[in-house]
Amino acid sequence: MTDKSTAEIVARAEALYDDVDFTAAREWKAAGENRHVIGHLPIYVPRELIHAAGMLPLGIMGGGDQLEVIHGDAYYQSYICRIPRSTIELGLSGRLDFVSGMLFPSICDVIRNLSGMWMTLFPDLYVKYFDTPQTYDDEIGGRFYEGEMRELLEGLEGISGRKVTDDDIRASIALYNENRRAIRDLYDYRAARPWQFPAWESYLLMRAGLILPVEEHTRMIRDYIAAAEAEKRPIKDNARVIVTGMFCEQPPLNLIKSLELAGCYVVDDDFTLVARMLTEEVPTTGDPLRNLSHAFLHHSMSTAPKYEPDVETKGRFLVDAVREKGAEGVIFASTSFCDPALLDRPMLQNVLSEAGIPYIAFKYAENSGQMQPIREQAGTFADSIKLWSAA
Amino acid sequence: MKPSAAKPASTQDVLKDASMLKQKEMINAHYERLCAAPETGEKVCSTFVPGNLNELIMCFDLVNNLPEVNAIQSGLRRKSGAYIMEAERAGHSEDVCTYVKSDIGMMLKGNIGPTGKPLPKPDVLLLSYTGCFTFLKWFELLREQYKCPTIFLQTPYMADGKITPNMIQYMVKQLKEDVIPTLEEVSGVKFDIDRLREYLAKSARAEDDLVAVLQSAKNKPSPIDAYFGGIYYIGPIFGAFRGTDDAIDYYRFLREEVGERMAKGLGPVTPDGTMEEEKYRLVVEGPPNYTNFRQFWKMFYDEGATVVASSYTKVGGTYDFGFRHDPDRPLESLAEYCLNVYTNRSLPMRIDMLVNYINEYEADGLLINSIKSCNSFSAGQLLIMREVEKRTGKPAAFIETDLVDPRYFSAANVKNRLESYFQMVEQKRSGKGVAA
Ligand code: SF4
Ligand code: SF4
């Protein structure tokens with residue numbers, strides 16, 4: 001049981017979120033000998049492997065609206081999303097000078113090409129494009145993925161000079177299983193009583209998980225759940241919605257707050273998927289790479305950057321989430337110029353239409369300042385949902 | 001400015017027309033065959049240019065349909081603008097790749113192909129996921145409409161500049177255990193590896209000739225334009241003809257033609273005849289604009305600028321680095337082909353390629369045509385530009401257009417940029433340094 005209030009816990013998470021110098025990760029690194037921090041971009045890397053190598057995974061989600069982009073714009077045309085330019089800014093301004101490696105997962109061509117830009121700009125750093133499989137047979141995509149993971153391990157071993165054993169990985173898997181359980185609980189509580197667990201608070205907690213050591217993050221979530229349970233918060237007559245499309249470039253915190261202020265309880269989302277990607281416990285016995293691979297192939301979230309092999313299943317995850325979380329509508333919030341999200345959107349919308357689930361759509365950028373239009377749109381949506389359910 | 005293209009002279013024009021006519025014939029016949037598929041009962045396989053497994057598709061008697069090429073045709077015929085608007089009206093974002101929207105808009109408007117007849121529905125979508133993320137969503141979108149079997153073939157990205165055994169094994173396994181069995185099922189034709197070997201051997205022959213044609217641009221003056229002209233030259237091999245006798249004939253013929261031009265010291269053929277004076281030799285990175293293709297090209301040849309090498313002509317294979325389809329290693333060779341296409345190469349590899357082109361083709365500099373639609377090409381191009389400038393000491397310039405969306409082609413802007421670029425090249429030559 002914790003003696004901290006939600007306000008204190010959230011304040012700590014918000015301080016981590018606001019700190020574009022990643023001081024907590026710097027301090028972690030400085031606290032011991034031969035410690036290494038490995039940065040990674042969205043959407044997913046098996047952080048267990050980084051942890052097993054004795055290193056700290058650091059999730060980098062761009063610079064948000066806190067970072068002034070001075071150099072980054074010179075690297076990108078106006079029609080490319082914001083996250084790569086603010087990430088470049090983080091790199092060029094020295095804010096990532098303490099990381100020993102950077103991983104660029106296969107999410108889209110922008111992040112893919114950013115991997116090569118990083119290699120060019122920082123030739124002495126360990127940089128890896130991390131290719132996840134888009135085919136889901138254990139013997140085909142799975143074997144390839146295991147090979148990718150082995151290559152990553154070799155790269156990490158090269159940095160630390162220490163061999164990673166299967167037992168190291170199993171122990172890390174166990175810790176991340178606990179973390180996933182805590183996060184699942186948080187999301188379940190949020191869906192059941194969204195007034196008690198506001199989305200923007202849980203968002204900050206999720207963001208904290210990108211920089212804190214996993215054990216500490218799990219504790220933070222458990223403490224928060226306990227504290228939130230103990231506090232009495234007012235129930236509002238809000239509409240229950242799911243937001244989707246925010247899996248890479250992140251919305252400004254204000255955007256999430258605006259949705260709630262506009263009368264929407266956000267009962268599920270796809271922010272910071274790295275921590276939620278695997279949806280079931282990963283076994284802690286047997287071949288750990290095989291287990292991680294199996295989990296990714298068969299028990300991982302559906303999201304635009306992943307291929308959906310079955311036309312009948314396309315978009316079902318969203319309908320299922322609406323049912324499971326008791327949502328009344330879906331908000332498609334996509335990053336401007338984000339091909340994965342925007343190309344996927346019409347297909348998901350068709351599935352929702354068929355299921356009779358209402359939705360709205362808008363675009364944002366990580367540095368969007370004007371929330372009024374989004375607030376109005378979300379407010380009208382919330383009102384129409386309520387009218388609709390009253391009718 | 002003085003026009004440096006002579007009006008068509010009879011013999012040269014005949015030479016030009018001969019290879020062009022051959023290609024036109026091949027393409028028309030292909031579209032006829034495609035459009036007749038519902039009557040003839042032939043089955044249709046839609047796929048992509050990068051990672052186009054034409055030899056394999058032919059093993060199953062399937063007709064190859066390439067939505068990217070259809071989008072190009074729509075662009076050239078100035079229909080893409082309306083198709084794109086149609087797709088946007090149907091809910092597609094203004095932000096996404098216009099190839100996809102041109103294709104979807106065309107579908108919504110009856111799928112009328114370049115011959116004026118409707119294109120058939122595909123019987124199978126071969127989603128060769130090579131070098132472009134958008135492909136994945138594009139075929140998910142088509143699958144939603146056509147409800148036909150969709151085969152996914154993942155080509156890992158060559159991020160570290162090398163092909164690893166893990167990559168090859170993955171691709172070969174996908175081919176053996178998924179792609180081939182599904183194609184057998186769809187077509188009802190049993191796979192015969194010897195038939196594949198035969199096609200691959202034919203591919204390699206045509207590839208040799210294509211490379212000779214592309215490398216003829218090392219000559220001064222270059223007998224070809226390796227971007228605007230190059231787009232015609234790659235047509236058959238990037239499309240539905242790799243592995244056919246037609247392609248062998250076409251490329252042998254083209255090679256002879258180009259050889260003759262070279263022997264006579266002639267410059268490239270342009271729509272306004274032979275280019276007379278080669279004033280600038282350029283390397284171009286990025287796809288062209290198709291809605292104003294001629295106008296765009298004219299801005300180059302009017303200034304005496306020849307493109308001596310381009311990256312776009314490598315999106316369907318980087319044969320000039322030695323890769324050939326290999327009948328002795330049929331499936332591995334198909335895998336290597338996919339892995340090697342330009343858009344599947346890492347950014348540092350792309351920089352190396354462009355630097356080498358500038359050096360080997362003795363070019364005056366690099367021009368980047370950045371395409372709004374295409375994250376695969378465009379993300380990172382500004383860094384490419386800086387690095388190539390730094391490493392070659394040659395000036396580079398950047399223009400922005402789109403492939404098939406006429407809203408993003410501003411002739412005045414492009415022309416201004418090009419004119420100041422040519423001035424930069426002049427200044428550099430006269431030792432006055434590069435203007436900002
Ligand atoms: S926001 Fe979308 S397009 Fe941009 S890097 Fe992320 S996934 Fe790619
Ligand atoms: S994003 Fe680029 S490579 Fe991909 S389909 Fe569009 S134009 Fe082609």
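Buried means under 20% relative accessible area, exposed means over 50%, and partly exposed lies in between, with a 1.4 Å probe and protein chains only. This is a predicted model, in which local features need pLDDT of at least 70, side-chain atom pairs count only at pLDDT 80 or more, and totals for chains, interfaces and linings use all residues. Residues are numbered from 1 along each chain as its sequence is written, and chains are lettered from A in the order in which they are written.

**Exercise 1.** State what share of the residues in chain A is buried.

Solution. Chain A has 391 residues. Buried residues make up 64% of them.

**Exercise 2.** Compare the radius of gyration of chain A with that of a compact globule.

Solution. The radius is taken over C-alpha atoms, and the globule rule is 2.2 Å times the number of residues to the power 0.38. For 391 residues a compact globule would have a radius near 21 Å. Chain A has 20 Å, which agrees. Along its principal axes, the C-alpha trace of chain A spans about 65 × 50 × 50 Å.

**Exercise 3.** Describe the interface of chain A and chain B.

Solution. Start with the residues in contact (heavy atoms within 4.5 Å): 54 come from chain A and 54 from chain B. Next take the buried area, the accessible area (1.4 Å probe) that two parts lose on being put together, summed over both. Chains A and B bury about 4,700 Å² between them, with 57% of it on carbon and sulfur atoms. Finally, on the chain B side, Phe133(B), Tyr157(B) and Asn375(B) lose the most area to chain A, together 14% of what that side buries.

Definitions and conventions: Side-chain values use heavy atoms; hydrogens and water are left out.
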